[in-house]
Amino acid sequence: MPHRPWRRCLRALGARRPQTGADDRPRWLGLLRIVDGVVAGEPQWVEPTATGAEVGALVLTEGAVSEVGPDVSGCHARLWRDDAGAWWVEGCDSRHGTVLVNGLTGEETVVEPPRGQRDGWQASPVPVAPGDQLRLAASTTFLLIEGYPG
């Protein structure tokens with residue numbers, strides 16, 4: 001397993017479930033792009049709503065996350081926050097699939113397999129939390145954080 005010093009920090013924090021800020025505003029979900037083990041650029045923020053945001057190479061909706069690699073589908077996945085405060089991800093029929101890596105355990109959950117591997121597969125939303133990694137296709141990895149834009 002590659003060295004990930006930030007994983008120890010996440011374990012020390014102990015928080016896995018979404019929180020609210022000191023002023024009770026729901027925290028946004030930030031996607032930090034990781035390239036070769038290093039953060040690349042600023043977080044891309046997802047508003048804490050049931051609408052959330054689409055992630056993909058060609059998404060143009062408000063709040064969309066589009067800073068992705070060349071093998072990511074036009075609309076690859078969708079992230080949102082439910083009324084209970086939990087964050088979720090689901091696939092959008094992407095070509096190369098999506099995997100969630102638990103930030104505390106390293107366990108991998110297939111959100112959506114590549115198109116050619118979906119026989120018998122049942123789509124369902126997958127819960128995500130700060131500290132998890134979201135891998136879209138082979139080229140794009142995001143580290144999920146919570147906070148506020150700006």
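1. Which residue in β9 stands opposite V89? In this predicted model, V89 faces V126 of β9. The strands β6 (residues 87–91) and β9 pair in the antiparallel sense, over 3 bridges.

2. That pairing belongs to an open sheet of 4 strands, with antiparallel pairing and the order β4-β5-β6-β9. The edges are taken by β4 (53–55) and β9 (126–128); each has a single partner strand, so one side of each is left without a neighbour in the sheet. On average, neighbouring strands of this sheet are turned by 30° against each other, direction ignored. Strands of a sheet pair through backbone hydrogen bonds, in either the parallel or the antiparallel sense.

3. The largest nonpolar core has 21 residues, of which L31 and L79 touch the most other members. Two or more residues of this core come from each of β1 (28–35), β4, β5 (77–81), β6, β9, β10 (133–136) and β11 (140–147).

4. The contacts of L79 deserve a separate entry. Leaving aside residues up to four places away in sequence, L79 touches L29, L31, V46, T51, G52, A53, V55, W88, V89, V128 and L134. V89, listed here as a contact of L79, is also the residue opposite V126.

5. On confidence, the protein averages a pLDDT of 88, and 85% of the residues score at least 70. Over residues 8–18, pLDDT stays under 50, and the model has 19 contacts beyond four places in sequence for this stretch. Where pLDDT is low, the predicted coordinates should not be read in detail.

Conventions: Residues are numbered from 1 along each chain as its sequence is written. This is a predicted model: local features need pLDDT of at least 70, side-chain atom pairs count only at pLDDT 80 or more; totals for chains, interfaces and linings use all residues. Side-chain values use heavy atoms; hydrogens and water are left out. Two strands pair if DSSP finds at least two bridges between them. Axes are lines fitted to C-alpha atoms, for helices over the stretch in contact, and angles run from 0 to 180 degrees between N-to-C directions. pLDDT is the predictor's confidence in each residue, from 0 to 100. Contact means heavy atoms within 4.5 Å. A nonpolar core is a set of buried Ala, Val, Leu, Ile, Met, Phe, Trp, Tyr and Cys residues joined through side-chain atoms within 4.5 Å. Buried means under 20% relative accessible area, exposed over 50%, partly exposed in between (1.4 Å probe, protein chains only).
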